[in-house]
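Here is a short briefing on one protein chain. Please keep the model open while you read.

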Amino acid sequence: MSKISNRPAVAMPTVEEDKAITAAARSDRDAQPLTPKQLKEMVPMRTLRGRPKSDNKKLLVSVRYSPEVVAYFKSTGEGWQSRMDSVLREYVSRHSRGAR
């Protein structure tokens, strides 16, 4: 079974239309072609998407907490997971062997 696309068909310009489009673009001083240097400096969009990479990478884990603990941290608003991490990190630093 083939899937029918809802996208409209793309009408490619003829050679003459393409030449006219190119000539019009080149005559527009605000729309000049990129220089080879500019093209070389371009960064693919996929490298810019999402959160910036962190030097302090965190692990994704599945943990079960009591409903009261989760409710408390959620009630503190946005960033509750980071605050929870901060509390746990403080606990670890206080209870690690080097802190005694």
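V69 is partly exposed, at 31% relative accessible area; partly exposed falls between buried (under 20%) and exposed (over 50%), using a 1.4 Å probe and protein chains only. This is a predicted model: local features need pLDDT of at least 70, side-chain atom pairs count only at pLDDT 80 or more, and totals for chains, interfaces and linings use all residues. Residues are numbered from 1 along each chain as its sequence is written, and side-chain values use heavy atoms, with hydrogens and water left out.

**Overall form**
- The protein chain has 4 helices and 0 strands; helices are DSSP runs (H or I) of at least four residues and strands (E) of at least two, numbered from the N terminus.
- The radius of gyration is 28 Å, well over the 13 Å that the globule rule gives for 100 residues, so the protein chain is more spread out than a compact globule.
- That radius is taken over C-alpha atoms, and the globule rule is 2.2 Å times the number of residues to the power 0.38.
- The C-alpha trace spans about 80 × 45 × 25 Å along its principal axes.

**Surface**
- Of the 100 residues, 2% count as buried.
- The protein chain exposes about 10700 Å², and carbon and sulfur atoms supply 56% of that area (Shrake-Rupley method, 1.4 Å probe; for residues, only the protein chains shown count as cover).
- V69 sits in helix α3 (residues 67-75).
- V92, in helix α4 (residues 80-95), is exposed at 51%.

**Salt bridges**
- The count comes to 3 salt bridges, each a side-chain nitrogen of Lys or Arg within 4 Å of a carboxyl oxygen of Asp or Glu.
- D85 and K58 meet in a salt bridge (3.7 Å, N to O).
- D85 lies in helix α4 and K58 in the loop between α2 (36-41) and α3, so the pair ties together parts 27 residues apart in sequence.
- D85 is partly exposed at 28%, while K58 is exposed at 57%.
- D85 also pairs with R89 (3.9 Å, N to O); both lie in helix α4, 4 residues apart, about one turn of the helix.
- E90 bridges to R94, with the closest N and O atoms 2.9 Å apart.
- E90 and R94 are likewise 4 residues apart in helix α4.
- Shared partners join K58, D85 and R89 into one salt-bridge network.
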